[in-house]
Amino acid sequence: MGLVLPGIIVDLGGNTQHDRIGFRCWRQPDGPMGNYIVHQVYNDQFAVSLGFWNTLTTTVLAHIGSDLVAVTA
């Protein structure tokens with residue numbers, strides 16, 4: 001809890017520049033689940049779905065990795 005709360009505060013603008021770091025990339029057309037792969041699948045909705053699953057699997061694997069170290073210790 002000691003690192004979670006300060007991390008959220010800094011991401012939401014509680015830093016020296018008063019910049020919302022956590023939301024810089026949340027703009028169209030390539031937001032958090034943007035259609036960066038649309039030129040390969042030729043479908044906007046499917047590209048957003050693939051972006052979501054790509055983000056989800058990366059996040060899950062990163063979380064499992066840190067939990068595995070904590071459980072092992």
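Student: Where is phenylalanine 52 found?

Tutor: Phenylalanine 52 is in helix α3, residues 44-72. Helices here are DSSP runs of H or I with at least four residues, numbered from the N terminus. The model is predicted, so local features need pLDDT of at least 70 and side-chain atom pairs pLDDT 80 or more, while totals for chains, interfaces and linings use all residues. Residues are numbered from 1 along each chain as its sequence is written, and side-chain values use heavy atoms, without hydrogens and water.

Student: Why is phenylalanine 52 called partly exposed?

Tutor: Its relative accessible area is 38%. Buried means under 20%, exposed over 50%, and partly exposed in between, with a 1.4 Å probe and protein chains only. Phenylalanine 52 therefore counts as partly exposed.

Student: What makes phenylalanine 52 and tryptophan 53 an edge-to-face pair?

Tutor: Their centres are 5.3 Å apart and their planes are at 70°. Rings of Phe, Tyr and Trp (its six-membered ring) pair if their centres lie within 6.5 Å; planes under 30 degrees apart are stacked, over 60 edge-to-face, and the rest tilted. A search of the whole structure finds one aromatic pair.

Student: How do you know that leucine 12 touches Phe23?

Tutor: Contact means heavy atoms within 4.5 Å. Leaving out residues up to four places away in sequence, leucine 12 touches Arg20 and Phe23.

Student: Why does leucine 12 count as partly exposed?

Tutor: Leucine 12 has 42% relative accessibility, so it falls in the partly exposed class.

Key:
Helices (H or I, at least four residues) and strands (E, at least two) are DSSP runs, numbered from the N terminus.
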